[in-house]
Amino acid sequence: MGETKAFEALTPDTLPQRLGSLPALKDRIGADTTQWRVREVGDGNLNLVFIVDGGAGSAIVKQALPYVRLVGESWPLPLKRTFFEYHALVREGERAPGMVPQIFHFDAGQAIIVMEFLSPHIILRRALIEGQQLPKIGRDLGLFAARTLFRGSDFAMEARKRKEDLALFADNVELCDITENLVFSDPYYEAKLNHHTSPQLDGLVAELRADRDLKVEAQKLKHLFATRAETLLHGDLHTGSVMVTPQDTRVIDSEFAFYGPIAFDVGMMLANFWMSYFSQRGHEANGSRDAMRAYLLGVVEEIWATFRDEFSHLWRTERSGILYQRALFEDRDDALGAEQALDHVLHDIWVDLLGFAGVEIHRRILGLAHNADFETIGDVELRSRCEASALKFGRHLAVNRRHIHSLVEVHGLAQRLEKETVI
Ligand code: SR1
Ligand code: MG
């Protein structure tokens, strides 16, 4: 039996020698490793990401580290997250064709995935900070969410297959633990790794942490997240997990995948567009971002409308799982019953996505892992004003989600909060 090699982190210098004989790489980018140019470009919180240019082509080599890159070796994190990322990518590719990078090779022991180099794509978050208005993302992300979330659930899947997948992804414990703590708990008390724009936000932060209704809602949302194993989630679907050109949208980084509530992925995604909206005031050095703000609210509307339409279409055409069987409705001449049930399911998703969006906004301003939308605002006073508006908005979504009926209401509030100085 061959010996399993111990894990070793790649470096730009060792990568050509270590991966030079991989057909998945050399057949695509060129076999002469002396010609390979390797750059480490990972800017996420967890992994190494290399662009390997071999003369005849390029590829991405992504490798997990046995710890959280953002924090260091004091926070160990298992390499098996690459296994979940690989299996989630395969499923996303089947369920939403053309919307994830192609995978060329997977090595569980070395925690490596070799995949398509997307060019000239850039990270969506970066594009939004620059003020780029991408024409396709609203529709593309709405479709991605509806297709992956519907097709990974008991609405569509054969029961045995879904339960096998539920068991497979249930082992992604440590990545769920990150979300459970960083999103739902840490922002609401003085957790060790938290930080925020201080002293400007100190008063508002204290107010939020003393807000009993908010804490109870955050825990109800955590309860949902931990127990409602409804579908295979991407699990970290923010604007840093999407690569774009004006014509193409690809979702990356599915290592947080596990079975959870449909509303979580949708809520996290919308939250990140709303944060972009609140951060635009901090990026107006080269001109007003009024048009960009209007564009961002339009994208949210398009994501939600597309999600609803596509989810409804799949409900009518692919509902072959154990839930809301056709035998009870369409097959008994009661298509209206199936429509009524669909309305209820979509309503529940709506209510919960608002809550998940609220806490996602809070954790990006109060917790460990902030986002570049706000962090790149150099003027601290201006940044804190943007963040304060977003914090108030998030609080309203989380606490009042059951009484919010439309995006018109949500966006009316966003516009008012964005204009007024709330600290
Ligand atoms: C410790 S990891 C912090 C965050 O980075 C990832 O992208 C996830 O969003 C996670 O919550
Ligand atoms: Mg990531």
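Q: Between which strands does the loop that holds Pro120 lie?
A: The structure is a predicted model, in which local features need pLDDT of at least 70, side-chain atom pairs count only at pLDDT 80 or more, and totals for chains, interfaces and linings use all residues. Residues are numbered from 1 along each chain as its sequence is written, chains are lettered from A and ligands numbered from 1 in the order in which they are written, and side-chain values use heavy atoms, leaving out hydrogens and water. Helices (H or I, at least four residues) and strands (E, at least two) are DSSP runs, numbered from the N terminus. In these terms, the loop with Pro120 lies between strand S7 (112-116) and strand S8 (122-123).

Q: Which residue forms a cis peptide bond with Ser198?
A: The loop concerned is the one between helix H7 (173-182) and helix H8 (202-209). There, omega is about 10° for the cis bond that joins Ser198 to its partner, Pro199.

Q: Is Asp333 buried or exposed?
A: Asp333 is placed in the loop between H11 and H12, and its phi is near 60°, a positive value in a residue other than glycine. Relative accessible area (1.4 Å probe, protein chains only) sets the class: buried is under 20%, exposed is over 50%, and partly exposed is in between. Because its relative accessibility is 75%, Asp333 counts as exposed.

Q: Why does Tyr324 count as partly exposed?
A: Tyr324 also has a positive phi, near 50°, although this residue is not glycine, and its place is the loop between helix H11 (290-317) and H12. Tyr324 counts as partly exposed because its relative accessibility is 33%.

Q: What is the radius of gyration of the protein chain?
A: The radius is taken over C-alpha atoms, and the globule rule is 2.2 Å times the number of residues to the power 0.38. For 423 residues, a compact globule would therefore be near 22 Å, and the chain agrees with this, at 22 Å.
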